Amino acid sequence: MNNNCYCCLLMLWARAIRAILANQKAIGEVLLQRDRDPRKVSEKDFFKECAWAIYVARFRVDTVRKKWPELEAAFLHWDYQQVCKNIASVRAAALRVINSARKADAVIQVAQWMCQTGWPTISERLLDGLTKDNQGNFVPDPQLITYLDRLPMIGETNAIFILKNMGYDLAKPDVLLTKLAPKFDYRGDKDGVQQFASDISQLVIERISVVEAVLWNAVSSKAELSFECPRCGGQR
Ligand SMILES: [Zn+2]
C-alpha cells in the first residue's frame, strides 16, 4: 500500500459490490474471473480470447456479445488450424456477421501466427515465469505483454486484456478505470490502475482481476459511487 487511504478504498469496494449485486451478468463475469487459471487455458481458449479482444476494441461490447455465437461459428469454433486452411470462406463468413475487414483479417493473422509457431511453443512462453502469490494472484512475467502486443490490432491494453481473460491477475487500464484511479490518487495509466486494483485486492482478500471486474462493472452500470470519506475527509 502507498499512502492511499484504506478507508476510501473499502468504501469504494462496498459501493461497487452493492452496485452489481442485482446484476446477474456482472456477477457471472466476476465468478468466472475468480476461477480462471492460466494453466488451464487451451489453444482454442487462447485464440478465442485474442478474437474477443480484437472485436470489442472500439466497438460496443453488447453488440459483439449478441453476435458472438455467429462469430464463433464463422471462426470454426476457434479451430485455428482449420481457419488457416479455409481463410477465404472464414473471412467471408466473419464479414457477414460484423462487417470489419480489419478485425476479420487481424483474427485470421493470429490463427496464422499460431499455426506457424505451434501451440506448445506459445503455451510454454505464456506460462514461463508465472508465479502465484499468497493472495491467489497469478502474476505473469512482465515481458508477456510485449510478447502479445506485436500481434495485429493488439497493443499494450489489449495484451493486458487477453492475459486477464486467461486468468492472469492484471487490471485492464481501459477508459473507465483510468478515470476512476485518479479520483483515489492513483495514476491514470497502466501501472496506476494495476496498483489501485492490487491495493483493494489486499484489503478485501480478492484476486486483482476480480477486483477489476467488480469495479469495471460498477462504473459501467453508471452507479453512484461517490462519497466523502469519514476517515480522511476526501471527496471521492
Ligand atoms: Zn479516506
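Mentor: Let us begin with helix axes: an axis is a line fitted to C-alpha atoms, for helices over the stretch in contact, and angles run from 0 to 180 degrees between N-to-C directions. Please bear in mind that this is a predicted model.

Trainee: How are helix H6 and helix H7 oriented to each other: roughly parallel, roughly perpendicular, roughly antiparallel or oblique?

Mentor: Helix H6 covers residues 87-97 and helix H7 covers residues 101-117; their axes come within 9 Å and cross at roughly 140 degrees. Angles over 145 degrees count as roughly antiparallel and those from 65 to 115 as roughly perpendicular, while angles under 35 count as roughly parallel and the rest as oblique. The orientation of H6 and H7 is therefore oblique.

Trainee: Which residues of H7 meet H6?

Mentor: From H6, the contact takes Ile-87, Val-90, Arg-91, Ala-94 and Leu-95. By class, the contact of H6 with H7 holds seven nonpolar residues, no polar residue and one charged residue. On the side of H7, the residues are Ala-101, Ala-104 and Ile-108.

Trainee: Into which domains is the chain divided, and what distance separates their centres?

Mentor: Domain 1 consists of 6-36 + 171-220, and domain 2 of 38-165. Taken over C-alpha atoms, the distance between the centres of domain 1 and domain 2 is 24 Å.

Trainee: How are H12 and H13 oriented to each other?

Mentor: Their axes lie 8 Å apart, and the packing angle of H12 and H13 is about 105 degrees. Angles from 65 to 115 degrees fall in one class, and the orientation of H12 and H13 is therefore roughly perpendicular.

Trainee: Which residues of H13 make the contact with H12?

Mentor: H12 contributes Ala-197, Ser-198, Ile-200, Ser-201 and Val-204. Five nonpolar, two polar and one charged residues make up the contact of H12 with H13. The residues from H13 are Ile-208, Val-211 and Glu-212.

Trainee: What is the phi of Ile-205, and is this residue buried or exposed?

Mentor: Ile-205 is located in the loop between H12 and H13. Most residues other than glycine have a negative phi. Ile-205 is not a glycine, yet its phi is positive, near 55 degrees. Because Ile-205 has 8 C-beta neighbours inside 10 Å, it counts as exposed.

Trainee: Where is His-77 found, and what is its phi?

Mentor: His-77 lies in the loop between helix H4 (61-74) and helix H5 (80-85). His-77 is exposed, because 12 other C-beta atoms lie within 10 Å. Although His-77 is not a glycine, its phi is positive, at about 50 degrees.

Trainee: Why is Phe-184 not counted as buried or exposed, and which class applies instead?

Mentor: Phe-184 is placed in the loop between helix H11 (175-183) and H12. Not counting residues up to four places away in sequence, Phe-184 touches several residues, among them Leu-9, Leu-12 and Phe-196. A buried residue requires 20 or more other C-beta atoms within 10 Å, and an exposed one 12 or fewer. Phe-184 has 18 such neighbours, so the class is partly exposed.

Definitions and conventions. Residues numbered from 1 in each chain as written. Predicted model: local features only at pLDDT ≥ 70, side-chain atom pairs only at ≥ 80, totals over all residues. Domains from an automatic or database assignment. Helix = DSSP H or I, 4+ residues; strand = E, 2+ residues; numbered from the N terminus. Contact = placed C-beta atoms within 7 Å. Nonpolar A, V, L, I, M, F, W, Y, C, P; charged D, E, K, R; others polar.
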